[in-house]
Amino acid sequence: MDTTSGPGGGATRRCFVAAVSGAGLAGALAACGGGETGGGEEPSGGKELGPAGEIPVGGGKVFADDKVVVTQPEKGEFKAFSAVCTHAGCLVSGVKDSVITCDCHGSRFSAADGSVQAPPATKALPPVGIEVDGGRLRLT
């Protein structure tokens, strides 16, 4: 059972209680996240994510296990960003109409460059290297 996050990767009361009971307040803050972050753990390079055809033009896909969001702002142009919201460390929830959304607190980011489109986040999503090789997406 995942006690570190709620829907979209946000901290939950259960997360806080589990972390406090098991590791004290410092552990709770580390386990549940909080405050403006620099992007969290970096995704690992070289890993194949899947077929490029799964990424819709103007949309994208969140690869939660890899903490990466891949977008296709224009046909044949793929971008990747950390999927860790720079506001409070939640995972972004999806991409629609060229906007990456984080349902934890309502932050919105550009699918083209990761820039903040709506607060509370104040920092852009950090870019992640990606390439298309034989129709497959691969982290670089």
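These are my notebook entries on the predicted model shown above.

**Ground rules.** I number residues from 1 along each chain as its sequence is written, and my side-chain values use heavy atoms, with hydrogens and water left out. Since the model is predicted, I ask for pLDDT of at least 70 for local features and count side-chain atom pairs only at pLDDT 80 or more, while totals for chains, interfaces and linings use all residues.

**Overall layout.** I began with the secondary structure and found 1 helix and 10 strands. Reading from the N terminus, I get α-β-β-β-β-β-β-β-β-β-β.

**Burial and surface.** I looked up how much of the chain is buried (under 20% relative accessible area, 1.4 Å probe, protein chains only). The figure is 39% of the 140 residues. The exposed surface comes to about 7100 Å², with 52% supplied by carbon and sulfur atoms; the areas come from the Shrake-Rupley method with a 1.4 Å probe.

**The four-strand sheet.** I traced an open, antiparallel sheet in the order β5-β6-β7-β8. Its edges are β5 (94-96) and β8 (116-118), each pairing on one side only. I noted an average twist of 35° from one strand to the next, using axes as lines fitted to C-alpha atoms and angles from 0 to 180 degrees between N-to-C directions. Two strands pair, in my notes, if DSSP finds at least two bridges between them. β7 (residues 108-110) and β8 share 2 antiparallel bridges, and arginine 108 sits opposite alanine 118 of β8.

**The three-strand sheet.** I then followed a second open antiparallel sheet, ordered β1-β10-β9. Here β1 (48-51) and β9 (130-133) are the edges, each pairing on one side only. The twist averages 25° from strand to strand. I found 3 antiparallel bridges between β1 and β10 (residues 136-139), with proline 51 partnered by arginine 136 in β10.

**The cores.** I searched for nonpolar cores, meaning buried Ala, Val, Leu, Ile, Met, Phe, Trp, Tyr and Cys residues joined through side-chain atoms within 4.5 Å. The largest has 15 residues, of which Val69, Val92, Ile100, Phe109 and Leu125 touch the most other members. A second, separate core of 12 residues includes Leu49, Phe63, Phe78 and Leu139.

**One residue up close.** What does leucine 125 contact, neighbours within four places in sequence aside? With contact as heavy atoms within 4.5 Å, my list for leucine 125 includes Phe81, Val84, Cys85, Val92, Ile100 and Phe109.

Note on methods. Buried means under 20% relative accessible area, exposed over 50%, partly exposed in between (1.4 Å probe, protein chains only).
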